[in-house]
Amino acid sequence: MFHTRTRLSHRLAGTALVLGVAVGAAGCGDSPTAADAATEKPSVSSLVLIDGWVKAADHGMTGAFGKLVNSSGADIHIVSATSPITKSMELHEMAHGDGGEMVMREKTDGFVVAAGGEYRLEPGGDHLMFMELTSPIQPGQDVPVALTAEDGSRVEVSVVARSYTGANENYQGGEHGDDGHGGH
Amino acid sequence: MARRLGRRAFLASGAAVLGGAAALGGRELLDADPEPAAPDSPGRATVAFHGEHQAGVVTPGQAFASFVALDLVDGVDREALVRLMRVWTDDIERLTRGAPGLTDTEPELAAVPAGLTVTVGYGPGVLTAAGREDLRPGWLTPLPAFGVDRLQEAWSGGDLLLQICADDEITVAHAVRVLVKEARTFATVRWVQRGFRNSPGTVTPGTTMRNLMGQVDGTSNPIPGTEDDRLIWIGPEGPAWLHGGTGMVVRRIAMNLDTWDELDRPAREQVIGRRLDNGAPLTGTHEHEEPDLEAMTELKLPVIESFAHIRRARSDDPDHRFLRRSYNYDESPPAGELSNSGLVFVSFQADIDAQFTPIQRRLDQLDLLNQWTTPIGSAVFAVPGGCRPGEYLGQRLLEP
Ligand code: HEM
Ligand SMILES: [Cu+2]
């Protein structure tokens, strides 16, 4: 899944900072080449996720949150995300379901982090969704996530897992069923 | 430390030069403070988290404390402890600077740091779970049984301890909640003891606290920042993970205030060997004067009785000393009783066996105060040294 697996480990839990490492611009599924890895995209490398965290879960779906901060002079448009411990990831938003209740669903137009601005991902709002965990996420564990911008450039961020009993939104979406966020 | 300086800090800085006059100097400095404090300054105070030592040991006692002992759940091993300590360290860093916990569901409650400190202690169970029995100091084990003890399981033992202190109870309650719920997959709460001292703004900073028997309690204590530091902090002679750390004793001691009421004032003063009005030894007039244990009355009786608490609580060995940092407790009495009060007795010392236990043994043998006080809980913890930014508490034990 990772073209250049820059494993971002930081010693301290949740210090939140996340490293704006731009990885090669390559579409998902392409095989990496030296040229790809060397291509620095200045815009996406200016994106960091502050205070990133993910709700610990044994299996199924779970959400990740934090504050995306864009220190560049251009908007950054995130269109997809991946992580090695989930079959797939989606960018999610909250919306009114058929019965009027709030449900989460895929945000097909992605997240636009304005130039010099920030974009909050939080329970009850937009978030990153792990759609089907391939291994449990335990509290205190660091989980890498790669965000891909519209131009194909990528930034790796890290989220730390926490026990959390909120963020139980119902999922309104095709094949994944509606079992909502994972958790204990 | 960013927190206002207490009398002890003045003593510590002045003692070398001024000796007995240091306390006075401290008073004058305080009174001369030209900056009128903002009305919410106690709420805004912060105590640095990072450092060689954990905060909350030599930090002048804040008004409120919660002591939370937890037990590790089955299956928690070294790797899991690393995760727990990273989570706790991160949230303690945030809360102590007045910021919400990472996943704080009540972030507004974090806005008043009120001098918050969180001190983490390890019971013997942590070393077992981590597979590091070889690094357990000999004193990290339950205290020997004493004749005066009437210990209850409900107030004793524990694998982990959080000592959470602040000058505001909401701050304490919120920090307890955040840290305990982050630990929910690692540990269960074994007991919680809550205690209090004077609130900020009610007494001159640095005033020695009073316990609920009315006594000035905490006068004769090692002075941090002086050569007394060797009594408090573990140095190179201890295991590396405890450098800059300390040993902690937490004993819940019930007071029988009903029978204490039967004593007149002179008798009460005899029990301790100090005056009730200002805590001075019965052989002197000022609180911080050295008691004269040799002094005799005209009738050739000791002024400070043989059974007096302060005579019994010291020995000729200068190593038999420790830092007391106790809190009062006052809970709802059981049906038919008037009160349920006492002391959450807390002491910090580099070596519990060498410093604390000999004195507790002396008090067990003879101390008139035992007639009105009963230990009902007892626990012992090792408090790891502090951590630098980028480290987590206990890292030198868990990932040496
Ligand atoms: C509810 C129980 C207790 C009460 C009400 C109490 C009260 C007091 C008071 C009023 C003083 C004199 C002022 C001072 O120096 O702080 C004192 C001194 C002291 N107490 Fe206690 N105490 C209790 C339990 C203990 C225990 C369990 C220990 C240790 C095993 C202890 C050790 C000491 C020491 C070392 C001193 C100082 C002696 C000196 O150097 O003058 N106390 N205590
Ligand atoms: Cu979702």
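Student: Which side chain does B:Glu182 meet in a salt bridge?

Tutor: This is a predicted model, in which local features need pLDDT of at least 70, side-chain atom pairs count only at pLDDT 80 or more, and totals for chains, interfaces and linings use all residues. Residues are numbered from 1 along each chain as its sequence is written, chains are lettered from A in the order written, and side-chain values use heavy atoms, without hydrogens and water. A salt bridge is a side-chain nitrogen of Lys or Arg within 4 Å of a carboxyl oxygen of Asp or Glu. At 2.8 Å, N to O, the partner of B:Glu182 is A:Arg162.

Student: How many salt bridges does the rule find across the interface of chain A and chain B?

Tutor: The contact (heavy atoms within 4.5 Å) takes 21 residues from chain A and 22 residues from chain B. Across this interface, the number of salt bridges found is 5.

Student: Which strands of chain A each supply at least two residues of the side that touches chain B?

Tutor: Strands here are DSSP runs of E with at least two residues, and helices are runs of H or I with at least four, numbered from the N terminus. On the side of chain A that touches chain B, the strands are β2 (47-55) and β11 (154-162).

Student: How many residues of α4(B) are buried?

Tutor: Helix α4 of chain B covers residues 78-96. Buried means under 20% relative accessible area, with a 1.4 Å probe and protein chains only. The helix is mostly covered, and of its 19 residues the buried ones number 17.

Conventions:
The expected span of a helix is 1.5 Å times one less than its number of residues. Buried means under 20% relative accessible area, exposed over 50%, partly exposed in between (1.4 Å probe, protein chains only).
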